[in-house]
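Here are some notes for a first reading of this entry. Please keep the sequence and the 3D view open while going through them.

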Amino acid sequence: MAKNTVESSIGGIKSVWGPLSTELIAGCRLQLEELLTAPVTEEWLAELHEEAPANQELYRDPAKGFVLLAHTEHAGLYRPPHDHGRGWVIYAIQQGEIEMGTYARIENPDGSMTLVKRNLTLVRAGQVQVYLPGDIHDTRCISGPALLFRFTERDLKKEDKEEHRVTRYVEQHGIWTVGAP
Ligand SMILES: [Fe+2]
C-alpha cells in the first residue's frame, strides 16, 4: 500500500504514462487533483507548510523523466509570459490563489510579433490547470502564501538552460516581446 498521497499519485501517473494524448492528460490531471486532497497531517505536506520552500523537488522519475515540484509563492509574485518548450505542465494549487493568463503569439504582416492575452483565470486551492506544448502563460499570486505543485512532463531546467527551448517574454513600452535567451 502507498505510504502517502505523493506516492499514490505518482503510482497512478506511472500506470497511465505514455505518449501525449487526451487520455494521458486526463489521467495525470486526476492524479494531481487527488494529490490536492492529501490531509495536512501527512508529514511531507506539513513540512512544506512549515518550511515554505520557494522550490522543492518532490519526485523525479528516472525512467520516464517527469518531475513533481512544490513552490511557495508570496502574494504579488509575478511570473511573466513564457512557454515550456516541448514540455507540458500541470499546475495544482494546494493553498492560496493564483491568477493565470494565457496568450497567443501572433505574427504581424511586417514580420513582427504581438503577444495577445486570451483570458485570465483565478485558480483556487483544489484546482488544476494544464498547459500543453506551445501554450504561453503568466502567473500572479493573488493570495499568499500560496503552495502550488508543478508537474512537468520533463525537466524544464534542462529544457531551458541546456536545450534553449523555453521562450520568455518581456514587456517593453507596453508591448510584450521575446526576451533575451
Ligand atoms: Fe509556466
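1. Basis. This is a predicted model, in which local features need pLDDT of at least 70 and side-chain atom pairs count only at pLDDT 80 or more, while totals for chains, interfaces and linings use all residues. Residues are numbered from 1 along each chain as its sequence is written, and side-chain values use heavy atoms, with hydrogens and water left out.

2. Layout. The protein chain has 4 helices and 9 strands; helices (H or I, at least four residues) and strands (E, at least two) are DSSP runs, numbered from the N terminus. Their order from the N terminus is α-α-α-β-β-β-β-β-β-β-α-β-β.

3. Overall form. Of the 181 residues, 43% are buried. Buried means under 20% relative accessible area, exposed over 50%, and partly exposed in between (1.4 Å probe, protein chains only).

4. Helix 3. Which residues of helix 3 (residues 43-51) are buried? They are Trp 44, Leu 45 and Leu 48. Seen down the helix axis, these residues fall within an arc of 100°, so they line one face of helix 3; the arc is that of the directions from the helix axis to the C-beta atoms. The face turned away from the buried side carries the exposed residues Glu 43, Glu 50 and Glu 51. The buried residues pack against several elements, including helix 1 (5-16), helix 2 (22-35) and strand 7, where contact means heavy atoms within 4.5 Å. After helix 3 comes Ala 52, with a positive phi near 45°.

5. Metal site. His 82 (NE2), His 84 (NE2), Tyr 91 (OH) and His 137 (NE2) coordinate the iron ion at 2.0 to 2.2 Å. Donors are N, O and S atoms within 2.8 Å of the metal (3.2 Å for Na, K and Ca); water is not among the atoms, so sites may look incomplete.

6. Geometry of the site. Why is the arrangement around the iron ion irregular? The 4 donor atoms subtend angles of 91 to 146°, whereas four donors count as tetrahedral if all angles lie between 85 and 135 degrees; four count as square planar and six as octahedral if opposite donors are over 155 degrees apart and all others between 65 and 115, and anything else is irregular.

7. Position of the donors. Along the chain the donors follow the spacing H-x1-H-x6-Y-x45-H. His 84 lies in the loop between strand 3 (78-82) and strand 4 (89-107) and His 137 in strand 7 (residues 136-152), so the pair ties together parts that are 53 residues apart in sequence. His 84 is buried at 2% relative accessible area, and His 137 is buried at 0%.
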